[in-house]
Amino acid sequence: MEATNSNPTSTAAAELLCGVNAKALLDSVDAFLFDCDGVIWKGDKLIDGTPETLEMLRSMGKKLIFVTNNSTKSRFQYANKFRSLGLSVSQDEIFSSSYAAAMYLKVNQFPLEKKVYVIGGEGIVQELQLSGFTALGGPEDGEKRAQWKSNCLFEHDKDVGAVVVGLDPDINYYKLQYGTICIRENPGCLFIATNRDSVGHMTDLQEWPGAGCMVGAICGSTERKPIVVGKPSTFMMDFLLQKFNLSTYRMCMVGDRLDTDILFGQNAGCKTLLVLSGVTTKSILDDPSNKIQPDYYTSKVSDFLNFLGE
Amino acid sequence: MVTKAVVSVSVAASITSSKLLINPSHRFSCLKSLSSLNSFSASALAIKCRGLSNCTSIKSARTMEGFTTITRASAQPLQNADELIASVETFIFDCDGVIWKGDKLIDGVPETLDMLRSKGKRLVFVTNNSTKSRKQYGKKFETLGLNVSEEEIFASSFAAAAYLKSINFPKDKKVYVIGEDGILKELELAGFQYLGGPEDGGKKIELKPGFLMEHDHDVGAVVVGFDRYFNYYKVQYGTLCIRENPGCLFIATNRDAVTHLTDAQEWAGGGSMVGAICGSTQRDPLVVGKPSTFMMDYLSDKFGILKSQICMVGDRLDTDILFGQNGGCKTLLVLSGVTTLSMLESPSNSIQPDFYTNKISDFLAPKTATV
């Protein structure tokens, strides 16, 4: 499965969601794909009206799927997060980029005797282990320090056959060096990125550097381009289409980010709805330099509740 | 030999804005507004590297995609060192892989430098390594028994401070540094206020609800270089400054993918830290180190030397040799560092220096032994 990043073909301006087109949208789709950060929650704070909206959509018989580029948690850990926020979402409905990385390796028959070095969080490590792979690195390497003395060699495991890079708040030089040496020196070593989001709402009050930062660092030291498994690559879409029997034109992707969520939906032929409750503002959407226009936009997911009340 | 000289001279003479070696529409865009080879303009001398990865900008030089360049003849083995020495007035030396490897001097270097000086040649040392200031490099040279003064050394740490000076960066603005001590010292010497540096390497983040990271709104430039104390705190601080402080500059000392911190192996280089900030800001940096010609223009102006009178000696094709070519100098690749003969001769390499040799002490032999 190849990671893609095609340019959008639609350039007509996004329509503001209102009573009429919201009803039409609901009638025309069987499934909603939701991004999480900036759509469902911001950091660890739920966005107002989300639980009621999701319940309403379920009661209308709509399938709900959650597709997140945030690789810090596994699907299991995400299900726990949903539960702690009062949302009833099962693991099977969640597609995190941590899961996507493990699935990519599985689908491409990555040998089980090879190892995976992780520059990222526990989520990636757990998903790899669930798929039977041996994961090195991850959060515990956040405490390691490199030594640079003459005659002192930085050792690395020659059995590492893939380096997976995702959001890593514990990034340090040791990890950068370990990942770099594996990619540069282990023959055929894969360089996989969970995603390349530049920033995200890791906390409710502000944006923080995303995986795009850590991936950019490894690109810089290896002079290689990564295989991207998260949005806007269609890898996760192909996966979930196989799992649920759906047609993409009967799906609506709801997200807060143009160059991942909306592009992801457009690449697959879904309808797309941008919410302004996350990283994108109306002025960014309207800016002449922006070439990505979703079908619709609205302030937040719970607007559906208002529109259907009209 | 004559053919080579013609190529070099025609390149040097026709560089008005370094278009020949850089495709403005593709990866590099040269912001120079030089009216002659010898003057340097304060308004944007750094070559901007487009794209998120170091490799895309360098690869475009290698693949010659969309370039309108002269096709260079293959590098010649250096067989007549005396002729090369006689034809130039100044030698610019890279340091890592040319003079030393880690903390070990490369054989024959002291004698070679002495010989060149005795022939009246000016020696300049240009390194992308930003961990030390010029003064600290001076000490390193001294410890290794080499007679080199501070004024002959141009590290990318110095280049960053010199660049800010050249654009009259306001003294009431601050500079946030993702990098090591060398950058801090040079900024201080130039009279700039700085924040960050190694001590921010100890600062930790807790991504909790209600936590807001503050940043100084007076930061007008973020300087990014090689940083062994790299962490998420610094990435966020630099990112906030670049994204939120109006007009904040994003300056990279260099974008080397790997560096020889120790003589035994390669280490992730400044290109890694710069790549990280490109990733989070989606902005391209102003690069002051090699292969940008900023340092070349600076020292040719400072010493009043013509670029055709300079020979750049380095071990790295995509920084040292490209630097020399971009600047219109003669170029000599030494194989005592990161580049091997097979890398030079590989079909995927399109950067051909004028000459190559094993190491600089080959200058001492009247006719160089076969490489």
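Predicted model: local features only at pLDDT ≥ 70, side-chain atom pairs only at ≥ 80, totals over all residues.
View 1. A:Tyr117 stands opposite A:Leu136 in β8(A). Helix α5 (residues 122-130) of chain A carries the chain from β7(A) to β8(A) in a right-handed β-α-β crossover, that is, one whose path from the first strand over the helix to the second runs clockwise with the strands pointing away from the viewer.

Residues are numbered from 1 along each chain as its sequence is written, while chains are lettered from A and ligands numbered from 1 in the order in which they are written. Local features need pLDDT of at least 70, side-chain atom pairs count only at pLDDT 80 or more, totals for chains, interfaces and linings use all residues, and side-chain values use heavy atoms, with hydrogens and water left out.

**View 2. The open sheet of chain B and B:Phe93.** Seven strands of chain B form an open sheet with parallel pairing in the order β3-β18-β17-β16-β4-β7-β8, in which β3 (76-77) and β8 (153-155) of chain B are the edge strands, each pairing on one side only. Strand β4 (residues 90-93) of chain B contains B:Phe93, and four bridges pair β4(B) in the parallel sense with strand β16 (residues 310-314) of chain B, where B:Val313 is the bridge partner of B:Phe93. B:Phe93 counts as buried because its relative accessibility is 0% (buried means under 20% relative accessible area, with a 1.4 Å probe and protein chains only). Beyond residues up to four places away in sequence, its contacts (heavy atoms within 4.5 Å) include B:Leu113, B:Phe125, B:Met312 and B:Ile360.

**View 3. The interface of chain A and chain B.** Contacts link 44 residues of chain A with 44 residues of chain B, and the area buried between the chains is about 3,700 Å², of which carbon and sulfur atoms give 59%; buried area is the accessible area (1.4 Å probe) that two parts lose on being put together, summed over both. A:Tyr173, A:Trp208 and A:Glu223 supply 19% of the area that chain A buries against chain B, more than any other three residues.

**View 4. A salt bridge across the interface.** Two salt bridges are found between chain A and chain B, a salt bridge being a side-chain nitrogen of Lys or Arg within 4 Å of a carboxyl oxygen of Asp or Glu. B:Glu266 forms a salt bridge with A:Arg184, with 3.4 Å between the closest N and O atoms.

Definitions and conventions:
Pairing = 2+ DSSP bridges. Helix = DSSP H or I, 4+ residues; strand = E, 2+ residues; numbered from the N terminus. Buried < 20%, exposed > 50% of the residue type's maximum accessible area, 1.4 Å probe, protein only.
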